Amino acid sequence: MVKRAGGALLQSVRIDPASSRPIATQLYSALRELMLSGAIATGVRLPATRTLAKDLAVSRTTVIDAFERLLAEGLIVSRVGSGTFVSDVLDAERPKPVQSPEHSGAQPGKPKLSSAMEWAIPKFSPRSRLPHRPKTFVTALPAYDAFPMAQWARISAGHWRGAREDVLGYGEPFGLARLREAIATHLRGNRGITCEKEQIFIVGGAQQAFSLIGSALLDPGDRVWFENPGAIGARNSFIACGAELVPVPVDRDGLMVEEGEQLSPEFRLAFVTPSHQQPLSHIMSLERRFALLQAAQRASAWIIEDDYDGEFFFGRQPVPTLKSVDQTGLVIYVGTFSKSLFPALRLGFMLVPPALVETFERMTASFVQGVPTNVQGIVAEFIQEGHFATHIRRMRGVYAERHAMLVEESRRQLNGLLDVAPTESGLHTVGWLAPAISERSATEAAAKQGIVVSAIARFSIAPTPHNGLVLGFGATNPREIRDGVTKLASVLTALA
Ligand SMILES: Cc1ncc(COP(=O)(O)O)c(C=O)c1O
């Protein structure tokens with residue numbers, strides 16, 4: 001005798017009319033779950049659509065819609081004249097859920113990872129390291145309020161009117177040729193770098209560049225000289241490769257090369273932020289740059305220069321890049337559009353020395369193909385039409401004003417509590433806390449007032465002598481800066 005799915009089935013189907021999920025989808029999901037879990041056995045006949053609709057107080061069309069999806073998936077079959085049945089395919093051998101006690105794996109529920117990831121995952125925080133929306137003094141974000149949305153929208157719309165074979169395809173594997181050319185021209189003219197477009201690879205943000213470089217150049221256990229304190233995202237990429245980070249201290253002149261040599265004369269890679277040290281905000285001196293290049297040459301190591309916000313200098317002269325004085329061919333220069341345009345683009349690039357061009361060509365052509373072609377096309381157009389240069393020039397003024405406001409207001413309101421150090425470039429700087437106030441208490445108390453300041457310890461991979469906060473001024477307008485400093489003053493006074 002054919003079994004029918006009746007009362008028990010109906011009791012377990014829950015339809016929420018207030019949910020934003022369509023009712024047909026809710027019914028489909030509930031029935032699907034019952035079938036896959038075995039709660040309704042194979043061969044069981046389902047109620048007629050009219051009956052089910054009445055019992056569940058939904059329309060018959062809704063039930064037919066849900067049944068059609070289950071039919072299309074092969075979970076039910078319809079037999080003319082006799083009704084709709086749960087399909088026999090569900091009797092086939094199916095993998096058991098991993099939590100099942102019958103599962104014979106060594107550690108049920110725990111997937112086996114690569115040894116590098118087994119080691120790395122516990123070191124990563126489950127929280128995102130980057131902010132989505134700007135709050136007072138947030139770091140890592142540019143001024144959304146000053147972005148030329150109208151120009152951007154016009155160029156975006158124009159992009160989609162291009163020839164279909166240009167805008168719908170996979171795109172060029174190393175990045176759009178027009179964009180590589182535009183970047184090379186920009187770097188030659190504005191960052192003092194002699195380069196050819198063939199050396200430039202377009203990637204999904206600086207972060208992807210760090211991961212690709214790490215996977216191309218690092219073996220587990222390899223040593224990486226890393227600024228301490230230093231950039232969190234780059235640090236995570238190298239940890240993911242199983243690298244051993246050597247915490248090299250940083251002073252006013254940048255990475256302390258002699259200390260690095262004492263800590264570990266052998267290293268595979270050095271990571272530096274010479275134009276605006278992340279997070280301490282110093283510019284690396286020329287002497288240190290030469291010392292680093294020599295140390296890398298001695299150790300046959302590569303250097304990554306992360307020029308994430310060096311375009312925004314406040315003095316008359318641009319801050320020079322390390323790549324512009326590199327005669328060794330060991331420097332890989334990484335750039336991003338996250339600050340110079342906006343982070344949602346997820347667009348960056350790496351400029352690799354000639355010795356690495358073929359390696360990265362093969363890598364990117366074989367398994368990367370990362371950045372949407374439309375994003376590349378729009379940015380190329382934005383640069384070629386001259387909007388990028390104008391935007392950068394204008395933003396230098398905007399950031400200089402915000403920086404000046406932060407420094408002046410801090411001098412006026414935070415005396416003896418937080419000594420905000422002026423910087424010459426970028427979108428953030430540091431403030432040194434009075435010794436009686438800990439970084440942790442300051443960040444926690446500020447967060448309660450809606451102010452996002454970061455402890456320097458967050459950027460550290462080994463203890464440092466610093467006691468300070470990182471303050472972003474790029475995404476905070478002058479009025480918010482003044483109000484934020486006032487709030488910070490009351491928070492810090494209460495803690496002091
Ligand atoms: C030091 C540093 N480099 C690079 C980036 C940009 O990374 P991405 O291009 O992946 O957004 C950031 C972002 O905050 C950063 O702090």
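1. **Terms and model.** A residue counts as buried if 20 or more other C-beta atoms lie within 10 Å of its own, as exposed if 12 or fewer do, and as partly exposed in between; the C-beta atoms are placed from the backbone. By that rule phenylalanine 137 is buried, because 28 C-beta neighbours fall inside 10 Å. This is a predicted model: local features need pLDDT of at least 70, side-chain atom pairs count only at pLDDT 80 or more, and totals for chains, interfaces and linings use all residues. Residues are numbered from 1 along each chain as its sequence is written.

2. **The chain overall.** The chain has 17 helices and 15 strands. These are DSSP runs numbered from the N terminus: helices are H or I with at least four residues, strands are E with at least two. The C-alpha trace spans about 90 × 60 × 55 Å along its principal axes. Of the 496 residues, 42% are buried. Among contacts with a separation of 6 or more, 71% join residues 24 or more positions apart. Two residues are in contact if their C-beta atoms, placed from the backbone, lie within 7 Å.

3. **Domains.** Domain 1 covers 7–91, domain 2 covers 120–126 + 147–389, and domain 3 covers 393–495. The bounds come from an automatic or database domain assignment. Between domain 2 and domain 3, the C-alpha centres lie 27 Å apart. Their contact takes 23 residues from domain 2 and 22 residues from domain 3. Which elements give two or more residues to the side of domain 2 that touches domain 3? They are strand E5 (223–228), helix H10 (232–240) and strand E6 (244–251). By class, this side of domain 2 has 13 nonpolar, 7 polar and 3 charged residues. Nonpolar here means Ala, Val, Leu, Ile, Met, Phe, Trp, Tyr, Cys and Pro; charged means Asp, Glu, Lys and Arg; the others, Gly among them, are polar.

4. **The ligand shell.** There are 14 residues around the ligand, and Gly205, Ala206, Gln207, Thr336 and Ser338 come nearest. A residue is near a molecule or strand if its C-beta atom, placed from the backbone, lies within 6 Å of it. Helix H9 (residues 205–217) gives the largest share of the shell, 3 residues. By class, the shell has 5 nonpolar, 8 polar and 1 charged residues.

5. **A three-strand sheet.** An open sheet of 3 strands runs in the order E1-E3-E2, with antiparallel pairing. Strand E1 (45–46) and strand E2 (76–79) are at the edges; each has a single partner strand, so one side of each lacks a neighbour in the sheet. E2 pairs with strand E3 (residues 83–86) over 4 bridges, in the antiparallel sense. Two strands pair if DSSP finds at least two bridges between them. Opposite arginine 79 stands glycine 83 in E3.

6. **Helix H8.** Helix H8 (residues 177–190) has 14 residues. From its first C-alpha to its last it reaches 20 Å, close to the 20 Å expected at 1.5 Å a residue. That expected span is 1.5 Å times one less than the number of residues. Its buried residues are Leu179, Arg180, Ala182, Ile183, Ala184 and Leu187. What do the buried residues of H8 pack against? They pack against strand E4 (200–203), strand E11 (348–351) and helix H14 (373–384). After H8 comes glycine 192, with a positive phi near 65 degrees.

7. **Valine 319.** Valine 319 sits in the loop between strand E9 (302–306) and strand E10 (331–336). Is valine 319 buried or exposed? It is buried, because 21 other C-beta atoms lie within 10 Å. Beyond its neighbours within four places in sequence, valine 319 is in contact with Ser275, Ile283, Gly310, Phe313, Glu424 and Ser425. Methionine 284 is 35 residues away along the chain, and the two C-alpha atoms are separated by 9.5 Å.

8. **Backbone points to check.** Asparagine 228 and proline 229 are joined by a cis peptide bond, with omega about 0 degrees. Proline 229 is in the loop between E5 and H10. A cis peptide bond also joins glutamine 278 and proline 279, with omega about 10 degrees. Proline 279 lies in the loop between strand E8 (269–272) and helix H12 (286–299).

9. Phenylalanine 137 has a positive phi, near 70 degrees. It lies in the loop between helix H5 (115–120) and helix H6 (149–159). Alanine 140 also has a positive phi, near 75 degrees. Its place is in the loop between H5 and H6. Alanine 140 counts as buried, because it has 23 C-beta neighbours inside 10 Å.
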